[in-house]
Structures are given as structure tokens and as C-alpha cells.
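Biologist: Before the questions start, please put the model on the screen. I would like to go through it region by region.

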Amino acid sequence: MSASVFPQLEPLLSGVQKPIQYVGGELNSTVKEWDCAPEGATVHWALMYPDAYEVGLPNQGVAILYEVLNERDWIVAERTYSVWPDLEKVMREHQIPQFTVDAHRPIRDFDILGLSFSTELGYTNMLNALDLAGIALHAVDRSDEDPIVLAGGHAAFNPEPIADFIDAAVLGDGEEVVLKISEIIKEWKDAGSPGGRDELLMRFASTGGIYVPKFYDVAYDDATGQIASYGPNRPGVPEKVVKHTLMDLDQWPYPAKPLVPLAETVHERFSVEIFRGCTRGCRFCQAGMITRPVRERSITTIGTMVENGIRQSGFDEVGLLSLSSADHTEIAEVAKGLADRYEDSNVSLSLPSTRVDAFNISLANEFSRNGRRSGLTFAPEGGSERMRKVINKMVTEEDLIRTVAAAYSHGWRQVKLYFMCGLPEETDEDVMQIAELAKKVIQKGREVTGHNDIRCTVSIGGFVPKPHTPFQWAPQLDVATTDERLRKLRDEVRADKRFGRAIGFRYHDGKPGQVEGLLSRGDRRVGAIIEQVWRDGGRFDGWSEHFSYDRWVASASLALEGTGVDLEWYTTRTREYDEVLPWDHLDSGLDKDWMWADWEDALAAANGEDIEVEDCRWTPCYDCGVCPEMGTEIQIGPTGQTLLPLAVVGSGQPGMVTQVVH
């Protein structure tokens with residue numbers, strides 16, 4: 001049995017902010033008996049998104065795994081989130097451990113703590129949760145009574161910076177592998193837990209798809225600081241660990257029972273992932289590279305999921321999600337079918353991710369047919385055409401101006417443009433072109449509408465080189481140069497009396513990106529920095545009000561003393577082809593030679609060569625390696641099916657609807 005800590009917790013919640021985020025009981029949440037398995041052992045999962053409830057609850061990945069696991073009658077899955085500093089203080093004073101929000105059970109009672117990392121800036125929150133739970137920070141210090149600490153999510157494609165703190169990591173899609181892990185745990189427990197913790201981890205590692213850091217040794221070259229060797233330290237452990245790819249998304253229509261938050265969250269909508277993966281080939285984009293190949297959901301499955309999700313949750317906004325949703329082969333049919341269904345309802349539809357060259361007004365009109373017309377967001381990423389060729393985002397200035405002109409002429413008044421600063425081979429002039437592009441957007445909007453109430457918001461993020469991309473070898477721009485370029489751009493925008501007031505300007509300074517760069521491409525030595533930051537009070541590093549660059553710099557200096565490497569070595573340094581990278585033993589399916597050739601193409605594009613890598617959905621394969629290496633294939637339409645209106649059934653129950661598909 002595992003006892004709830006709620007009796008101790010409840011009287012203390014009145015003294016903290018937003019106490020409702022800790023009480024649980026959301027619509028569609030699940031609470032099971034601790035020993036629920038019909039026979040044999042029950043497997044217990046604590047799922048954590050290492051951020052605040054308001055950010056973690058809407059996370060699609062955790063929500064899907066929560067459902068998939070709880071559908072099995074022999075698995076208990078509950079959720080936990082990072083607690084804010086005010087509750088942390090109370091918990092430490094009253095010795096209340098990290099708990100789940102579902103049944104308020106202590107995390108340490110579970111078999112496995114699964115953390116989903118969308119960003120590396122959540123690592124200090126993981127350490128805080130482990131400490132609050134009474135789980136040893138270092139995996140080597142844990143006993144058979146402690147849960148297995150498992151990392152997943154995009155950041156897990158290089159888990160080396162947290163290798164000392166986790167027991168295992170999985171790469172790629174989680175739906176199938178969490179069930180495989182659960183089966184392994186159940187078999188081990190049913191057999192009496194033979195061999196203890198090490199035996200269980202060995203069973204994980206032997207699958208070839210679960211990475212166990214303790215079973216691999218790494219050595220460093222004293223002269224260069226680079227990795228000298230890396231490999232398994234015992235028989236039966238694979239040289240490389242492969243990612244998991246879920247095929248046929250129609251067979252996995254999750255979330256089917258979306259969680260409805262009790263407190264305000266960053267996204268309050270029902271989201272349907274209409275396809276997974278992207279092969280547009282943007283060289284900076286880790287998400288696109290590691291989720292290949294493209295796998296679409298069919299129009300009928302999308303329609304079923306939307307109808308069911310609205311009915312199960314009561315949400316009045318539906319987001320059709322993917323890395324580039326307008327690229328779905330039947331997006332026009334999906335948009336029209338859903339707009340027809342919900343035209344006279346309070347349900348609004350949104351397409352959060354849209355490329356300039358895939359957008360059209362007909363599509364936008366379908367999504368705003370019920371009268372809700374929010375601003376449009378496009379992501380040229382590079383300010384100049386030269387930079388867009390470097391990153392392989394082949395969107396011309398003419399494409400953008402034509403698209404926004406059409407939007408403004410059809411009633412939109414606000415456009416948001418997203419760019420990056422610090423891209424490889426970038427110059428000051430490339431960044432200043434962002435201002436010129438924004439001015440042209442405003443000018444065109446005024447021309448086609450005859451009005452001056454046109455707005456354009458420019459949002460700029462710092463580029464961070466990521467593993468498993470062609471830019472994994474690239475140097476990151478230093479903080480001072482990043483901030484200086486952004487200052488020049490801001491001043492240029494504000495100084496223009498014709499357009500300055502019509503252009504909003506949002507940006508982050510270069511400091512958080514520098515830390516993210518350290519964590520993204522770091523090796524095991526970086527773990528000591530993370531621990532030092534946490535011990536010095538680091539929490540919620542993804543939040544500007546909690547992030548301290550000075551704390552990270554000081555911790556890096558202290559933790560790396562005597563290693564021969566420093567913060568700049570991990571961030572602003574160019575890597576060469578023959579350098580062993582910390583993630584080389586983790587197989588995303590991408591061929592290293594192909595990525596290196598693509599990196600060289602980027603450098604050639606910076607020098608004026610016209611090189612484009614096209615999308616293999618619509619052109620011949622260009623040998624990135626994923627499909628043959630992973631045994632997968634592109635799965636796209638069109639299916640030729642259509643959505644028909646929802647029809648009322650004669651069930652005697654007002655408001656009950658059924659879906660008719662054709």
C-alpha cells in the first residue's frame with residue numbers, strides 16, 4: 001500500500017499561492033487502487049513534467065502516456081509536477097515528500113518515475129523533485145527500494161548531462177515503449193525481483209531501445225577535452241541505442257479523454273496531433289530531424305478525435321497540431337469538414353503551426369468562419385534570404401509579402417513574425433534585414449487595406465545548436481554579440497517614425513540560450529554544473545524571474561575546475577567531423593555523413609551557392625537514413641475520405657451526436 005499525504009498537505013495549502021493546482025481531481029483524471037492488477041504484481045508509474053502545473057498539465061506527451069498506461073488494468077499511472085518555491089518551503093518544514101496530484105501518493109513508493117523533458121532548462125526541477133521525494137540524486141546511490149528514474153522527451157536525445165541522475169532514458173515516441181517497460185517490470189516483480197535493481201536495468205538495456213547510462217563508460221582526452229572513447233562496460237549491452245517510432249497513428253487516437261485543468265494553464269484547448277514528423281529539412285530544427293518520417297492521421301480519425309475530445313472535455317477551442325500543420329495532405333478537406341460541423345457552435349478551430357509557403361487564405365477563412373479571427377503567425381526564421389538559404393527554409397521575401405498582403409486584404413489586422421538571431425554564418429546585416437522585412441509588411445498592409453491600423457509583431461529567439469541536426473557542429477553565438485545585434489535591431493525599428501509604432505518587438509537576451517546550449521550539447525561533466533546550480537537555489541530556469549545567468553556561470557567555473565574545459569568550450573566552439581559527440585551512441589536514424597554533407601551545404605549557401613534540400617514527401621528520397629535504419633516509411637494521404645456533418649441520433653438524450661464519415 002501507499003498512503004496519501006493529503007491529510008498533512010491540505011491544512012497547509014491555504015498559505016501558498018494557487019493551492020488548487022495541488023489538489024487533483026480534474027475531469028478525466030484517474031485514481032486507482034494501489035494493487036489493482038487482477039493477478040500478479042501491479043506496475044506503478046509516476047509521470048512528471050518538470051515544470052509548474054500550469055505548463056505541465058497541457059503537455060500532450062504526458063497526457064497521452066497517462067491514458068495509455070491507465071487503460072491497462074494492471075498499471076497505476078499518476079501525475080506529478082514541480083512545486084513552486086512557496087510550497088517547497090512548506091513541504092521541507094513539515095517533511096512532506098514530492099507527491100502525485102491524483103492520489104497524493106509519495107513518488108518514492110512508485111516503481112518508476114518517468115520525466116518528459118521538452119527543454120533542458122527543466123533539469124534543476126528534476127533534481128529538486130528527487131530531493132523532495134527522498135530519492136538519492138545520483139543513480140549509483142539508489143537502493144532497490146527507490147523507483148527507476150527514466151527520462152524521455154526531445155531533450156532525452158542527449159541525456160548525457162543528466163546521466164548521473166537518471167537510471168535510464170528512451171528516445172522517440174513513448175506510446176509503445178512505456179508498455180514494453182511496464183511488461184518488463186511486471187515480469188521481474190512477478191518472479192520475485194531477481195537480481196535487484198541491476199537485473200531490471202539489464203533487462204531494459206538488452207532490448208536495444210532503452211539507454212542505461214551506468215552500463216556505458218566514457219573517457220576524455222586530457223589534451224583536447226574531447227571524448228576519447230565511449231562504449232558498453234558489460235556483455236549484452238548494445239553499442240548503440242535506437243529511437244522508437246510509432247507507426248499508424250490512427251491506431252493510437254490519444255488523448256481520448258483530455259484532462260481539464262482546475263487552475264489556469266498556458267493552453268486551454270483540446271489538441272489533436274494531425275501528423276507526427278517533418279521532412280522539410282530546416283537545418284536548425286531538432287524536432288523535425290528526430291521525429292522523422294512523416295506519419296499522418298487520416299481525416300476520419302481527426303474528425304472522430306475532435307468530436308470525442310469536445311464531448312469528453314467541454315473545451316471550446318480545438319488546435320490541430322504538428323510541426324507544420326498546413327502540410328497535411330488533406331488539410332483543406334479537414335479544415336472545411338470541421339468548419340462545416342462547428343460553424344453554428346461555440347467551438348473555434350486553430351492551426352498554430354503554419355509555414356508561409358503552405359498557407360492560403362481559403363484555409364485561414366475556414367478556421368475563422370465562426371467569427372473568431374486571431375492574429376496570424378509566420379516563422380521566416382532568417383531575416384535575410386541568404387540566411388534562409390543557410391537554414392534551408394526556402395521562403396522568399398516575395399512569398400512572405402504576398403501572403404501577408406492576402407491576409408490583410410481579407411480582414412486580418414495583425415501578423416506576428418518569428419525570427420532567430422545567432423544562426424551559423426550570420427552577420428549584423430542579416431539581422432538588420434528583419435527590420436526592413438517588418439517595414440515592408442506594414443507598408444503592404446497599409447496599401448491593400450487603405451488603413452493605418454496595421455500591426456506586425458517581431459518575435460526573436462536565440463539560436464541554440466541541437467544534437468542530431470546538421471547544425472550540431474556549429475558554434476553558438478556568444479552572449480555579448482547576440483545582445484548587441486538585438487540592440488541594434490531594436491534601435492533601428494524604434495527610430496523609424498513611419499513604421500516604428502506599428503511594429504512590436506519582443507526578444508530574449510542571449511543568456512538563457514547560452515545555458516540551454518551548454519545543456520543541449522553537454523557531456524557527463526555538465527552534470528556537476530547542474531547539481532551545483534540546484535544546490536545554490538536554481539529552480540524553474542525556464543522562467544525569466546527565476547533564471548540566474550550569473551549562478552550558472554559561477555557554477556560552471558566551480559564544477560569544471562581542473563577539467564581543461566569551460567562554458568565557452570561547450571557553446572561557442574566549432575566541432576569537427578571526427579570529434580566523438582556525446583550523443584553518437586544514441587541512434588535517431590539520421591546518417592552522420594548525410595548530416596555532415598548538409599552542414600557543408602549550409603556553409604556553401606552562406607557563400608552564395610544556391611543549394612536546396614527538398615521535402616522527401618513530394619520528391620525522391622535524399623538518403624537521410626531514417627527509413628532504412630529504423631525500418632519505417634512515410635505514411636501520408638490523401639485517403640479520399642470526407643467528413644459529413646454531425647447528425648443527432650434518436651437516443652432520447654438531447655445533445656447526443658454521432659459522426660458520419662464517408
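Modeller: A residue counts as buried when its relative accessible area is under 20%, and as exposed when that area is over 50%. The model shown here is predicted.

Biologist: Is Asp-173 buried or exposed?

Modeller: Asp-173 sits in the loop between S5 and H6. Its relative accessibility is 13%, and the cut-off is under 20%. Asp-173 therefore counts as buried.

Biologist: Which residue has its backbone nitrogen 2.8 Å from a polar atom of the side chain of Asp-173?

Modeller: Apart from neighbours within four places in sequence, Asp-173 is in contact with His-244, Thr-245, Leu-246, Arg-276 and Arg-295. The backbone nitrogen at 2.8 Å from the polar side-chain atom belongs to Leu-246.

Biologist: Which side chain makes a polar contact of 2.7 Å with that of Asp-327?

Modeller: Asp-327 lies in the loop between strand S12 (317-321) and helix H10 (331-342), and it is buried at 5% relative accessible area. Its contacts beyond four places in sequence include Phe-275, Arg-280, Glu-296 and Arg-355. The side chain joined to Asp-327 by the 2.7 Å polar contact is that of Arg-280.

Biologist: Which strands are the edges of the open sheet of 5 strands?

Modeller: The order in this sheet is S2-S1-S3-S4-S5, with parallel pairing. An edge strand pairs on one side only, which applies to strand S2 (75-81) and strand S5 (168-169).

Biologist: Which residue of S3 stands opposite Trp-45?

Modeller: Strand S1 (residues 43-49) and strand S3 (residues 112-116) run parallel and are joined by 4 bridges. Opposite Trp-45, the residue in S3 is Ile-112.

Biologist: What is the relative accessibility of Leu-69?

Modeller: Leu-69 belongs to helix H3 (residues 60-70). Beyond four places in sequence it touches Lys-32, Trp-45, Leu-47, Ile-75, Ala-77, Val-178, Leu-179 and Ser-182. Leu-69 counts as buried because its relative accessibility is 0%.

Biologist: Which strand is included in what covers the buried residues of H7?

Modeller: The buried residues of H7 are Gly-196, Arg-197, Leu-200, Leu-201, Phe-204 and Ala-205. Their cover includes H6 and also a strand, S4 (148-152).

Biologist: How many charged residues are in the lining of the second largest pocket?

Modeller: This pocket has a volume of about 270 Å³ and is lined by 16 residues, with Asp-111, Asp-144, Glu-145, Asp-146 and Trp-188 nearest its centre. Helices H6 (175-190) and H7 (196-205) each supply at least two of the lining residues. By class, 6 are nonpolar and 2 polar, and the charged ones number 8.

Biologist: Is Glu-425 buried, partly exposed or exposed?

Modeller: Glu-425 is not a glycine, yet its phi is positive, about 70°. It is found in the loop between strand S15 (414-421) and helix H14 (428-449). With a relative accessible area of 40%, Glu-425 is partly exposed.

Notes:
Residues numbered from 1 in each chain as written. Predicted model: local features only at pLDDT ≥ 70, side-chain atom pairs only at ≥ 80, totals over all residues. Heavy atoms only, no water. 1 Å grid on protein atoms, 1.4 Å probe; cavity = no way out; pocket = protein on both sides within 12 Å on 5 of 7 lines; lining within 4 Å. Points joined across faces, edges and corners; volume = space filled by probe spheres on them. Nonpolar A, V, L, I, M, F, W, Y, C, P; charged D, E, K, R; others polar. Buried < 20%, exposed > 50% of the residue type's maximum accessible area, 1.4 Å probe, protein only. Contact = heavy atoms within 4.5 Å. Polar contact = N/O pair within 3.5 Å; in protein donor to acceptor, adjacent residues only side chain to side chain. Pairing = 2+ DSSP bridges.
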